[in-house]
Amino acid sequence: MRTFFARRLLLMIPVVLLVGIITFLLIRLIPGDPAIQMLGLDATPAEIEALRGQMGLDRPIYVQFLIWAGRVVRGDLGHSVFLNQPVATAIVEHIECTVSLALLALIYAVLVGVPIGVVAAVKQNQWQDKAVMSFALFGVSTPSFWLGLVAIFIFAVYLDWLPSQGYEMIQDGLGQWLRFITLPALSLGVQTAALIARMTRSSMLEVLRQDYIRTARAKGLLERVVISKHALKNGLIPVLTVIGMTMGQLLGGAVITETVFSLPGIGQLVITAINNRDYPMVQGVIMFIAVIYVSSNLLVDVLYGWLDPRIKYA
Amino acid sequence: MSPSDTDRKATQDRRFYSVHYYLRAISRNKLSGIGLVITVFVVLVAVSAPWISPYDPLQQNIDHRLAPPGRTYWLGADGFGRDLLSRIIWGARLSMKVGFMVVVLTTLAGSLIGLVAGYYPKIDNWVIMRIMDAFMAFPAIILALGIMAILEPDWLNAVIALSIVYTPRTARIVRGSVLQLKETEFVEAARALGASTPRLLFKHILMNSWAPLIIQMTFIFAYAIIAEASLSFVGAGTPPPAPSWGNILAEGREFMRVAYWITIFPGAAIAIAVLGLNLAGDGLRDILDPRLRGSR
């Protein structure tokens, strides 16, 4: 187990390195001089020269990369020209909102997706199954940002139950936080809930056909016990894969959902940065999200092995 | 094996390769039949936009600003008094155009990369798939946003960005097929007969891995539609005034309290188009690859 974890961690290094190279090259591919692009046409030559020096644009490209990579490893993601603050600081200030949005969406998705997936499998081909599968199909076909807009329309404009925009930090009170984050998290979570429901259903159907389930039934156990104790444990393992796969979707979706609900998260940060040509910020945020994504996949892999002892760590 | 068995086997094999057979199988399956009908409908709307849209999608009419759905404007008018139905129809044209181009580009690039990676494992392990892995380490929409940050917001640039984002996914699927197929007897036989490597790759291997590829194409089409709408919604895709489902929704957000139609209808259009593709894709997968039934 420990060696498996160590090996997975080591394998992450080349991926993160390549992610870094791609992120770095993205900004270097800007047509023309990035310094002029960032400062605009009315900048004085002295200002441009100063920024070129600050960004290290006057050196060969591999030196620039090494300097940049060296800083990133030490947690220095550069300086935002537009906000006039370190990129890392800006990310730390905005990360809470994005992570709580993505995590709460995942929690909602699991709480909804797993039970309805189990019901669909147990009641295969009956109306419950058809209802769940229709929901799942609807869920994977509807863009989450539109669901967010519709949710605002119903719950904020029409019913006036929840606020349509803004955010309160979790440390300022759980109730307030939930009031602001619930609609965004629900609309972001629907797609993941749909995927989890589909996966739970198909994996439960598989498990319910196994011999040990027949044995459990033959022993005279209640169907409820067979499902919840014997089948669910193994049926849920593939669901973890879906959770790992959708972490990227959730993080990316969170960025768009934040725009819908005007939440002060990483999404707002990166979209403002794109509009202002604040390249160090764009670079920093993208790198940061990719590293979170890669790490969360590592976590899922490790959990997977921990839950299913049949998986060899070779 | 008796002669009649051989005949039946041959017939089955022929059926396996006939497009007509699959089209019939899809239309027999109720859900995928519906999906196919929806997709054809959306494509027809997109193609015939210049003839069927009741108004010019850019024609402003301030007198009819935010006019509700009714006789004159079937789906209402937007904040500039432009006909929403016409904008949605032209938006369909844009979405289909983007989706189609992304599918073509990712299939071409992904097949080529996947073929090389699968056939030359040495290059593969060290270079190609590691780079593909790195591209897939970015959440799709984040990478697309990053690429759009350096390109100007524009629909063609969105095509480029989304093609870069989805190519590694296609490459991985083609590579998987190649790894399986290159050990098969018929490829071995073709090689023994002196077929050149390109001929082996394109004629024998690629032509036999089209089943997973075509399933992937329908899903990429669906992803591309949602991704283009998302990019345009946050202002990094198709810029206004050109109608895109995403930027119509972004404009409608300001008027949600007074004009629900600008928020409801374009989103419904996205959902319908994507639903059609997903249904068709699910059906195709059930027919072409029964092992995967019910997953995803």
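A: Happy to. The model is predicted. The largest nonpolar core has 166 residues, and the members that touch the most others are L101(A), V270(A), V285(A), A144(B), M148(B) and L162(B).

Q: Which element gives that core its largest share?
A: Helix α5 of chain A, residues 87-122, with 16 residues in the core.

Q: You listed V285(A). What does V285(A) touch, leaving out residues up to four places away in sequence?
A: There you find I91(A), I266(A), L269(A), V270(A) and A273(A). V270(A) is also on the list of core residues that touch the most other members.

Q: And A144(B) and M148(B), where do they sit?
A: Both are buried residues of α7(B). That helix spans residues 140-150 of chain B and is mostly covered, with 11 of its 11 residues buried. Among the others are I141(B), L145(B) and G146(B).

Q: Nice. Now the two chains: how many residues does each bring to the contact?
A: Chain A gives 40 residues and chain B gives 39. On the chain A side, the elements that give two or more residues are α1 (2-28), α6 (127-141), α7 (144-158), α8 (174-208), α11 (237-261), α12 (266-275) and α13 (279-307).

Q: How does that side of chain A divide into nonpolar, polar and charged?
A: It has 31 nonpolar residues, eight polar ones and one charged one.

Q: Switching to helix packing: at what angle do α5 and α8 of chain B pack?
A: About 40 degrees, with the axes 5 Å apart. Here α5 covers residues 84-119 of chain B and α8 covers residues 155-181.

Q: Is the crossing of α5(B) and α8(B) left-handed or right-handed?
A: Right-handed. The contact between these two helices has 20 nonpolar, nine polar and two charged residues.

Q: Back to chain A as a whole. How many helices and strands are there?
A: Chain A has 13 helices and two strands. Its C-alpha atoms fill a box of roughly 85 × 55 × 35 Å along the principal axes. Of its 314 residues, 39% are buried.

Q: Last one: what is the mean pLDDT of chain A, and which elements have the lowest and highest?
A: The mean for chain A is 85, and 97% of its residues reach 70 or more. Among its elements, helix α2 (residues 34-39) has the lowest mean, 73, while α5(A) has the highest, 91.

Note on methods
Residues are numbered from 1 along each chain as its sequence is written. Chains are lettered from A and ligands numbered from 1 in the order in which they are written. This is a predicted model: local features need pLDDT of at least 70, side-chain atom pairs count only at pLDDT 80 or more; totals for chains, interfaces and linings use all residues. Helices (H or I, at least four residues) and strands (E, at least two) are DSSP runs, numbered from the N terminus. A residue is buried if 20 or more other C-beta atoms lie within 10 Å of its own, exposed if 12 or fewer, and partly exposed in between; C-beta atoms are placed from the backbone. Two residues are in contact if their C-beta atoms, placed from the backbone, lie within 7 Å. Ala, Val, Leu, Ile, Met, Phe, Trp, Tyr, Cys and Pro count as nonpolar, Asp, Glu, Lys and Arg as charged, and the others, Gly among them, as polar. A nonpolar core is a set of buried Ala, Val, Leu, Ile, Met, Phe, Trp, Tyr and Cys residues joined through C-beta atoms within 7 Å. Axes are lines fitted to C-alpha atoms, for helices over the stretch in contact, and angles run from 0 to 180 degrees between N-to-C directions. A crossing is left-handed if the near helix is turned anticlockwise from the far one by less than a right angle, and right-handed if clockwise. pLDDT is the predictor's confidence in each residue, from 0 to 100.
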